[in-house]
Amino acid sequence: MLKTPYQDTPDLRQAIINACKEMNSRGINQGTSGNISARAGDRMIITPSGVPYDRMTPEMLASIPLDGDGGFDGPLPPSTEWQFHLALLRAKPDMHAVVHAHPVHCTALAINRMEIPSCHYMIALFGGDTVPLAGYALFGSDELAQEVTGAMKDRHGCLMANHGAVVVGETLEKGLWRLEELEILAKAYILSRTIGSPHILSSAEIDAVLGAVKNYGMKTEV
């Protein structure tokens, strides 16, 4: 397992590709609609635009300065979503990965412009009593980056209106884990609405969970 803080190495780049393939194998992404980035020193390493994961090689990934305006190093242009990846890594210095995809159940809620309320205690994995909904903006735009970073100011993930979902992770592994957990939550919430009215946990109940989940889940390598 790679340790953080990451550096721009072939191993890191291959780990990003492997995480993309894992998204598809777990059924939380389809085709090339997802994209993943990782902090590497003072730069961001991100998947290129429109390249099938099984054809992707480490040298194809793009490198972008964290304090830059999108100028990149690499043979291929970065994902069209690089703006919100860069904005999230800037805004969350304790996070080292951004994972974005179009999981079916997350996307269904996003199409209906619905956030996920505190219907299950695992909502606390995302930093509060909801998984919020970021407002709609054109993909790849500065406006979308603003919507996403605003929605995730005090959260580790959000749904994106008429688009998909995005999470951050202390590591690549934890980002992938968090996105899978988000899709499970979305599916459970949708199913619960088909058989009745979901019971929503109180603020006090979620606050108690927030205190208990600080060390829950995959451990972060340092």
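Student: How many positive and negative side chains does the chain have, and how far apart do the centres of the two sets lie?

Tutor: In this predicted model, the chain carries 25 negative and 18 positive side chains. The centres of the two sets are 3 Å apart.

Student: What makes the radius of gyration of the chain agree with that of a compact globule?

Tutor: A compact globule of 222 residues would have a radius of gyration near 17 Å, and the chain has 17 Å, so the two agree. As for its extent, the C-alpha trace spans about 50 × 35 × 30 Å along the principal axes.

Student: Why is Pro 5 called exposed?

Tutor: The term exposed requires a relative accessible area over 50%. Pro 5 has 59%, and therefore Pro 5 is exposed. Pro 5 is located in the segment before helix 1 (10–25). Its C-alpha atom is separated by 22 Å from that of Met 152, which is 147 residues away along the chain.

Student: What percentage of the residues in the chain is buried?

Tutor: Buried means under 20% relative accessible area, and 51% of the 222 residues are buried. The accessible surface of the chain comes to about 10000 Å², with 53% of it belonging to carbon and sulfur atoms.

Student: Which pattern does the chain follow along the sequence?

Tutor: The six helices and seven strands follow the pattern α-β-β-β-α-β-α-β-α-β-β-α-α. Of the contacts between residues at least 6 apart in sequence, 66% join residues at least 24 apart.

Technical notes: Residues numbered from 1 in each chain as written. Predicted model: local features only at pLDDT ≥ 70, side-chain atom pairs only at ≥ 80, totals over all residues. Heavy atoms only, no water. Helix = DSSP H or I, 4+ residues; strand = E, 2+ residues; numbered from the N terminus. Rg over C-alpha atoms; globule rule 2.2 N^0.38 Å. Buried < 20%, exposed > 50% of the residue type's maximum accessible area, 1.4 Å probe, protein only. Contact = heavy atoms within 4.5 Å. Areas by Shrake-Rupley, 256 points an atom, 1.4 Å probe, with all protein chains shown as cover. Lys, Arg positive; Asp, Glu negative; His and termini not counted. Charge placed at Lys NZ, Arg CZ, Asp CG, Glu CD.
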